[in-house]
Structures are given as C-alpha cells and as structure tokens.
Amino acid sequence: MTFRADITIMPHRALLDPQGKAVTKSMGNIGLPGIENVRIGKHIQLDVNAETKEEAEKQVKTACDKLLANPIMEVCEFSISELETA
Amino acid sequence: MKIGVIIFPGSNCDRDMMYALENVMGHEVVELWHKDADLQNVEMVVLPGGFSYGDYLRSGAIARFSPIMQSVIEFANTGGLVLGVCNGFQVLCEAGLLPGVLLHNNSHTFICKNVFISPANHASAINSGLKPKAYKIPIAHGEGRYFISDEDLKKIEDNNQVIFRYCNENGEINEAANPNGSLNNIAGVCNEGKNVFGMMPHPERAADENLGNTDGQDIFIAFFEALKLTV
C-alpha cells in the first residue's frame, strides 16, 4: 500500500529564529500589528510503500530522525494517511 | 604528510585548500571524490568549504551520507585526523563527529569579511602552538552560528573542546566581535579525542603572502608542528 506523509519541521521554541523575527516586524507594514511570534519551518511531503500504517509510520520516523530533521535544533511532527487508489 | 581533500558536489573551496596544503605547506595532497569509499591511505582528511548539495535541507545534511563519509567516520573513530572548514565543519557536525550544530547567522545574512579569532586554549594540536593573540582570518558563511544544548556546552567547555573564539583585533572576546551569534563566540571545536577539528573561518584563504595575509599559514604551521610531536 502507499501512504502519504505530511511532515512539519520547526526550529526549537527556545531558539532565536531571525527569519521569523524579520517577518514578524513586517506585519506592521501590511497593517497587521496584532500578529506576533512568527516562526518559520519546513513542510515536507513524501510517499511511503508499506504493508501497514504502523510500518509506514516507522519508516517516516526513521527518515525524520536520520535525515529530515536535526534534533539539536528542530522538532519534527508528521501525520500519515492512506493514498487513495484510482 | 599525505592529506586527502574531499570533494562533494557543490564543494568550492577544495582547490584553495589543496593549494594551501600542497604548494604552501609542502604536503602530498590527493583528491577524495565523495562517491569513493577509498581514503587512499591518507594520514589526514580535510573537508573543505562550499555548498555541498546546495545546502539543501540543512547545510551538510546530505553530504554526511556520501559513501566517503562512512570511511571518514571509521577513520575518525580509530583516531584518524580530520579537519573540516566551513561547510566541512557543518558536515562533521551533521555526521556526529563533532558536537553541536551550525544555524543561520543571527543577522540572517551571508557574511563575507575578515574577522579575528583567538585560540580558546592550548589543549589540542590545532591551537597548542599558537600565540594567545588575535589571528585575522576571513569568514564567508550564511550558517555559522554555533549552537549546542546547555548541558553539552558545559561539557565541551570543561573538556577544552572549543578551539577558537571570535574576538576583536585586541583579542577581546565580546558580542561586538561575534559575527554570527555563536554561543560563547565559538568559531571552532574539536571532538573528545581531539583528533577531529572543525572551524568556520577559512585559514586556507590567509595562507599565502600574495593574498596579503598569512595568519592562516601561521595556524597551519603550528598545527602540523604539533602533530609531528605526537607521532
């Protein structure tokens, strides 16, 4: 079966995010001074072939732990859904 | 010494590094292609600067899984000498051969200029022979902010694993002298075994009198002298 994973990788809350800080400051320029604390991360989508959803989750977790995120600076979360076959 | 300089797709400081090590320092230098697992019996491996894999995902994150890196990891774990400069430092951190990680500069800009670094101590071969003064070495990076957990920061500081700190031309270590927000002005670190070294500044760009700055050459000279003493 084929599953689709949606993965979100964000910088640790405690880390200074200069990109997010710059964007927060720009909110005033577009008339939205009420928006604060912008933090910017990554969204990754991938497909995984597995017999079960549990197996798919295991593969995605390994991918996150080994390559997609660096735990010293990032937090990684994902959700998995079965891809509908036509 | 026989030294291997690794070339990843996107490495661009390999030529400068090879020139400094071979033409200036007089060592035998070979190119190590990232897809080859063979280290060609070198006595030191150098990972040069550049943008391996376009800095995609995270700087050094993809290069760390190149076939050559498996050999470098085994080599390092048996005490082999490894030096990573700039992107090379990033690859070594991603590979777990050096502690910590390099984040985007806190200015979120690419910084290309001369800075000053001073030896943090004289505890390893790369700084044991250096004078306690400011060395002028160029940096050129977008992701040079050294970061590590509080717990591990204490460990590496207590263990003298910090090798260089950013300072001003008088050797003073302060915020104004820190170009990128690195914790404790850390410009370079080594591993526990003190055989793997990483630094963000480029000594190979200050190693030839034709460039008007030989402070990098002084660092290389002291490094190789200290290594002779350990043989």
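**A tour of chains A and B**

Begin by selecting Phe220(B) and Phe224(B), both of which are buried (under 20% relative accessible area with a 1.4 Å probe, protein chains only). This is a predicted model, in which local features need pLDDT of at least 70 and side-chain atom pairs count only at pLDDT 80 or more, while totals for chains, interfaces and linings use all residues. Residues are numbered from 1 along each chain as its sequence is written, chains are lettered from A in the order in which they are written, and side-chain values use heavy atoms, without hydrogens and water.

Both phenylalanines belong to helix H5 (residues 215-230) of chain B, four residues apart, about one turn of the helix; helices are DSSP runs of H or I, at least four residues long, and strands are runs of E, at least two, numbered from the N terminus.

Next, select helix H2 (residues 67-77) of chain B, whose buried residues include Ile68(B), Met69(B) and Phe75(B). Among the elements that the buried residues of H2(B) pack against are strand E1 (2-7) and helix H3 (87-94) of chain B. Just after H2(B), Gly79(B) adopts a positive phi of about 95°.

On the side of chain A that touches chain B, H2(A) supplies the largest share, three residues.

Conventions:
Buried means under 20% relative accessible area, exposed over 50%, partly exposed in between (1.4 Å probe, protein chains only). Contact means heavy atoms within 4.5 Å.
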